[in-house]
Structures are given as structure tokens and as C-alpha cells.
Amino acid sequence: MTAQIEQARRGTCDPGAVTYRREGRAAFVTLNRPASLNALGNAVLTGLREALARAGREDDAALIVLEGAGEHGFSAGHDFAGLQRAAAGNGDILRAHRRATWEVVQQIARHPKPIVVLLRGMVLGAGAGLAAAATHRVAASDLRIALPETSLGQMPDAGLTFRLARAPGGSGLLVALTGWPLSAADAMHVGLADGIVDVARMDELAARLANPFAGPLEQVLSAFVALPEPGELSRQRALVDRAFGQASLPGILAELDRLEGALARQLLAALRKRSPLALAVTHAAIRRARSARTLEDAMNLEYMPVCRLAEAPDAAEGVRALLIDRDDLPRWSPASLAEVDASTVESIFAPMLPGEAMRLGAPA
């Protein structure tokens with residue numbers, strides 16, 4: 001079993017999972033599993049770790065371009081169904097995978113060279129957390145970001161609690177709790193993207209980034225980035241802040257129930273379909289992340305609740321209902337928010353045993 005855990009942490013030998021190529025001044029690092037929407041399996045994480053380290057060693061690589069292969073999106077994040085099968089009830093394997101993911105997120109966030117991530121198509125869950133750690137997050141006009149974790153009995157991770165805790169008003173909580181799909185403009189609004197480029201010009205942008213005579217990085221990006229129209233969340237800022245500014249999760253649902261309009265009804269319906277326990281833990285995690293001083297502090301705080309939720313019954317039930325049987329009829333336990341005991345939520349955040357806790361540290 002120790003060998004299985006180490007394999008989950010380091011990944012298998014699969015050089016094709018991430019490709020590396022040099023063009024001009026840029027090192028292109030590509031997630032290369034388009035059939036799985038470039039999900040963050042162990043081989044992908046290992047390939048990313050090695051490619052980023054290689055780019056750091058090459059003196060003539062002035063910047064890194066991080067992208068996903070295929071036409072459909074950058075990354076689907078965690079392969080929840082695959083993880084459930086691989087772990088077969090062994091929590092150590094699930095924990096090893098989460099550690100490997102967060103170590104790559106930290107590697108991106110602390111890399112000595114600028115990293116430009118090109119976000120096209122669909123980006124889910126931890127894929128958004130990984131991308132958000134880059135120095136420059138470029139959203140194609142067709143971008144859609146969604147966080148499905150609470151519908152799978154789990155919570156957003158990979159540093160997303162840090163990002164969403166700092167989003168304007170109640171928008172970060174809304175995204176974390178409901179999985180509301182974000183357009184490129186909404187991704188900018190909540191701090192998961194920096195600028196929008198027409199999808200038809202993304203290949204041209206990549207070529208310009210590689211050109212050593214194209215000028216400074218910021219100048220290249222500014223020549224391509226367009227000013228977006230306000231997204232749905234910014235247009236509905238008053239409603240979002242009123243509802244998701246409530247102090248408690250029941251208060252959020254009650255306020256949405258009182259408010260009028262299609263958005264309030266859609267958000268309320270989304271919350272009622274998700275795991276009550278995962279909602280309660282996610283709500284608490286985002287609020288706690290507001291006090292985190294660094295990305296690493298937030299990921300260390302995420303580790304305990306993420307691991308415990310992954311081993312709770314709702315995680316397996318969410319995978320069954322949404323990814324395996326696809327009946328979209330999860331049987332949550334507990335079945336309602338009223339049945340979620342505050343002491344249960346607190347126990348999910350309780351310190352782990354010595355040696356179990358996450359201990360990422362920011363460089364001095």
C-alpha cells in the first residue's frame with residue numbers, strides 16, 4: 001500500500017501527459033490529455049512539476065506559456081470518479097493526490113519566471129485553482145469556469161478558497177457554493193482572470209508571446225486584451241451582495257427566497273441540489289480563508305476539510321449520482337441543512353494527527 005500512496009503522490013511515468021516545447025523566448029507547457037479535458041491525474045501533475053522545473057533551469061526561456069491541449073478547455077480539474085476508484089476507500093491515496101496538486105499550485109505561484117496561462121473553453125474546479133496561481137491569466141472569449149465540488153459532496157480547493165475569499169462582495173461565496181458558471185467577464189470580476197482576448201486571436205497571441213522581438217510581456221498582452229462588457233455577476237452586484245453577504249448559510253437561502261428575479265430563483269435551486277454538509281463546510285472554509293495571509297496559508301487550511309469531505313459518504317454518493325449512474329438524484333447524508341450539526345462542521349476543521357497536516361510554506 002505504501003507503493004500505491006507514493007505512486008499517487010508522484011504519478012506514473014507518462015511523458016506524453018504534459019508536453020514541453022521551446023519557441024523563441026517562451027517555454028510552452030501543455031496539459032496533454034484532451035480526452036479527459038486535461039484532468040489533473042497523477043501523470044499530469046508529475047509532468048507539470050518536471051516541465052516547470054525544466055523551464056526554470058533554461059536561462060534563455062524568458063517566460064512560460066501554460067495551456068491545455070484540445071478545443072474544449074484548459075482543464076477539468078480533479079478526476080473525482082477516477083480518484084474514488086483508485087483509492088478504493090484508502091484515505092491516504094486521496095490525501096497524496098491533494099498534496100501533489102497543491103505542491104504544483106505552489107510551484108506555479110512561486111515560479112521565478114512569469115507564467116501566462118491561456119484559458120480557453122471549459123475550466124473546472126482545481127483546474128481553475130491551478131490557473132489562478134499564474135502571474136498572467138488570459139481568458140479567451142469562450143471561457144466558462146465552473147466549480148462543481150459542492151454538487152459532488154466536496155469543496156473547492158487548490159487555493160480557490162484564497163482567491164474567492166477576496167472576490168468583490170458576496171461573489172466569491174456565490175461561486176464556491178453554487179458552482180455558478182462564469183463567463184470570461186465574470187471570471188475577471190471574481191479575480192480568476194486578468195483580461196479577455198477574442199478566441200480567434202489566441203493562437204496569434206501565443207506566437208507573439210514567443211517572439212523575442214515582440215516587446216515586453218505586458219506590452220504584448222495589452223495589445224490583445226479587449227475591455228469586456230460587464231458580466232452577469234457584476235450587473236447583479238446588489239442582489240449578490242445582499243444575499244451572499246448574510247452571516248449564515250441559512251440566512252443566504254432565506255434571503256434568496258425573499259428576493260425576486262430569475263437569478264435569485266436559479267441560485268436558490270442550485271443550492272438546494274447540493275450536498276448540505278459540503279455547503280456548510282465550504283461556507284466556513286471561505287470565511288476562514290479571509291484571514292489567510294498567503295496562498296500557502298489558505299491551502300494548509302483547505303487540506304483538513306477537503307480530505308475529510310473526500311472520505312465522507314457524500315463524496316462517493318455525489319460521484320455516483322453525477323458521474324457514474326448520472327441520475328442526478330444524490331441521496332445526501334445529512335439530507336438537509338437543518339440536519340447539519342455545527343459540531344460536525346467544526347470537527348471537519350479540527351487539527352489532524354501529527355504528521356498528517358499540510359505544511360506548505362511560502363519562500364522567505
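I began with the lining of the largest cavity, to which α15 (276-289) and α16 each supply at least two residues. I am working from a predicted model, which I note here before going further. The residues that line the largest cavity are T161, A285, R288, A289, A298, L301, E302 and F349. Sorting this lining by class, I have five nonpolar residues, one polar residue and two charged residues. For the volume of the largest cavity I noted about 60 Å³, and a search of the whole structure finds three cavities of 30 Å³ or more.

Next I turned to aromatic pairs, and asked myself how many the count comes to. The count comes to one aromatic pair. I then looked up where the two partners sit: W102 is in helix α4 (residues 91-109), while Y303 is in helix α16 (residues 295-310), so the pair ties together parts that are 201 residues apart in sequence.

My next entry concerns two helices, α12 (residues 237-244) and α13 (residues 249-258), whose axes come within 8 Å and cross at roughly 140°. Angles over 145 degrees would count as roughly antiparallel and 65 to 115 as roughly perpendicular, so I recorded α12 as oblique to α13. On the α12 side the contact is made by R242, A243 and F244, and on the α13 side by I252, E255 and L256. By class, the residues of this contact are four nonpolar and two charged, with no polar residue.

Last, I looked at the second largest pocket, for which I wrote down a volume of about 270 Å³. Which of its lining residues are the closest to its centre? Of the 16 residues that line this pocket, they are A76, H78, F80, L124 and L323. The elements that give two or more residues to the lining are α3 (80-87) and α17 (313-324). I also sorted the lining of the second largest pocket by class, and it has nine nonpolar residues, four polar residues and three charged residues.

How values were computed: Residues numbered from 1 in each chain as written. Predicted model: local features only at pLDDT ≥ 70, side-chain atom pairs only at ≥ 80, totals over all residues. Heavy atoms only, no water. 1 Å grid on protein atoms, 1.4 Å probe; cavity = no way out; pocket = protein on both sides within 12 Å on 5 of 7 lines; lining within 4 Å. Points joined across faces, edges and corners; volume = space filled by probe spheres on them. Helix = DSSP H or I, 4+ residues; strand = E, 2+ residues; numbered from the N terminus. Nonpolar A, V, L, I, M, F, W, Y, C, P; charged D, E, K, R; others polar. Axes fitted to C-alpha atoms, helices over the stretch in contact; angles between N-to-C directions. Parallel < 35°, antiparallel > 145°, perpendicular 65-115°, else oblique. Contact = heavy atoms within 4.5 Å. Phe/Tyr/Trp six-rings, centres within 6.5 Å; stacked < 30°, edge-to-face > 60°.
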